[in-house]
Amino acid sequence: MGSNSFRLEIGQVQDGRYRRHLYLKETVRLGAGLDVDGMLTEEATERGLRCLASFAQTLKASAPMRIRAVATQTLREARNRDQFLLRAEAALGHPIEVISGREEARLIYTGVAFLQPSGKPRLVIDIGGRSTEMILGDGPAPRVAESFQVGCVSLSMRYFPDGRYTRAAFRAAQVAAGAELEEALVPFSRRHWREALGSSGTAGAVADILRASGKTDGRITAEGLRWLIERCIELGHIDKLDIPGMKPERRAVIPGGLAILYTICAQFGIEELIAAKGALRQGVIVDLSERLAAGNQASGHDLRDATVAELQRRFNVDVDQAERVAKTAQRFFESAWPKGDAEMHKELRWAAALHEVGLMVSHHDHHRHSSYIVSHVDAPGFSQSQQRRLGELVLGQRGGLRKIEAGLSRELTAWQVLCLRLAVIECHARGEVDASGLALTRLAGGGARLSFSAQWAEEHPRTAYLLREEADLWARQGALLLTLN
């Protein structure tokens, strides 16, 4: 769900190869629907919802676990994104994840590297509707990935609002793009790469125009870009923009895209840019394929597991304690929801693994520090949406429940929070725990029962005290009744 277009791709990853089964694209221009207050207009919202409803018809026969919907810069910016997502998820029939700029960049590179593998150090550029991603890599994984808040839609709206193309407007747009991208000059300088590739819409559109016009064989060069900019200025207006190879839906955003592309080539010394075969959507499918393999095979690789381990290392987490809490929380959750969604089980495990990262900041209210870090840290493999859910679980690990009251209205989230809190209590002494001491069951009426023997309570008086306090908290909050017996 990009700022300019929504795309649906059905693909298959098998034996190291990618096969496309279906590709649909609709120009929605969601990014053009952000008003001056950063709110998505109802008109833009309706365009998006209509597109998603049509995609939903195509996805009816697909298993939910094999579907992943991601949204980019416009929904990162939109102040009313949560309201939009509620309606959008209802229209699509599946959850929608808002991904960070760096995660978008990683997934773009994943798609390019899988469809167009190379051992050469390379620079990959993706100019989207409201953001531009730049990535360095020399194999299947990126080394440096950044996202900049300038795109073909936002720049076109600002400098070519009436559809007129002037030399002054192009110059002003190039200066604005250069200012935004200036901080990339050193980390993405020419000495770091040997080939440059352009991914997705703008690069592909410009390559098609240069090829159809006979200027190049599809390679994007500074000379070709200068010719195309001059041609736009000569024609003067969007209504007169009749150039071979230019698709009608590209006319409104081509000037902003050209300004960014020319600026990048000039600032980073790119002599020729090749249109890449892969893009964000293929990266999402490859990434999803790896997640499914990780769930089905002990040797499978889910990048998010590696990310969690790296965050534990970076924030000096007591991994033994984290593992105790994670195992205990999972034991509770599996007994209450044995057939629960696999992602819910994984999220609980990751939340437990990271619940103490805030101790690096301060012992006081460390759960609040932990929640902030988990919600906002760059975490490859995770979407912003999923990080917010993890942050909510981590925030709810201790203390009052009012601070996460909205999340507790979702039954499964309430159970995740309960299981994490009970695990933190059972493991509070930071030593080995008796897995047979406590048993959690889900009652037919919707409540929870935590069972333990009188002997266990006598042997663990402090834990029993904390559990009684916990039951009182849940009774006052009302989302989930916890009974002890």
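These exercises walk through pockets and salt bridges in a predicted model.

**Exercise 1.** Find which element gives the most to the lining of the largest pocket.

*Solution.* 
- Start with the pocket. The largest one has a volume of about 1,400 Å³.
- Next, its lining. It is lined by 35 residues, and Pro95, Glu97, Glu343, Glu347 and Arg389 lie nearest its centre.
- Now the elements. Those giving two or more residues include helix H3 (81-92), strand E4 (96-98) and helix H15 (384-395).
- H15 gives the most, with six residues.

**Exercise 2.** Sort the lining of the largest pocket by class.

*Solution.* 
- The lining has 13 nonpolar residues, seven polar ones and 15 charged ones.

**Exercise 3.** Work out which residues pair with Arg68, and whether Arg68 is buried or exposed.

*Solution.* 
- General idea first: side chains of opposite charge can pair when their charged atoms come close.
- Glu97 forms a salt bridge with Arg68, with the closest N and O atoms 3.0 Å apart.
- Glu97 sits in strand E4, Arg68 in the loop between H1 and E3.
- Asp287 also meets Arg68 in a salt bridge, at 3.2 Å from N to O. Asp287 lies in helix H10, so this pair ties together parts 219 residues apart in sequence.
- Now apply the cut-off: buried means under 20% relative accessible area. Arg68 has 13%, so it is buried. Asp287 has 3%, so it is buried too.

Terms used: Residues are numbered from 1 along each chain as its sequence is written. This is a predicted model: local features need pLDDT of at least 70, side-chain atom pairs count only at pLDDT 80 or more; totals for chains, interfaces and linings use all residues. Side-chain values use heavy atoms; hydrogens and water are left out. On a 1 Å grid over the protein atoms alone, a cavity is a set of points where a 1.4 Å probe fits but cannot get out, and a pocket is an open set with protein on both sides within 12 Å along at least five of seven lines; lining residues have an atom within 4 Å of a point. Grid points are joined across faces, edges and corners, and a volume is the space filled by probe spheres set on the points. Helices (H or I, at least four residues) and strands (E, at least two) are DSSP runs, numbered from the N terminus. Ala, Val, Leu, Ile, Met, Phe, Trp, Tyr, Cys and Pro count as nonpolar, Asp, Glu, Lys and Arg as charged, and the others, Gly among them, as polar. A salt bridge is a side-chain nitrogen of Lys or Arg within 4 Å of a carboxyl oxygen of Asp or Glu. Buried means under 20% relative accessible area, exposed over 50%, partly exposed in between (1.4 Å probe, protein chains only).
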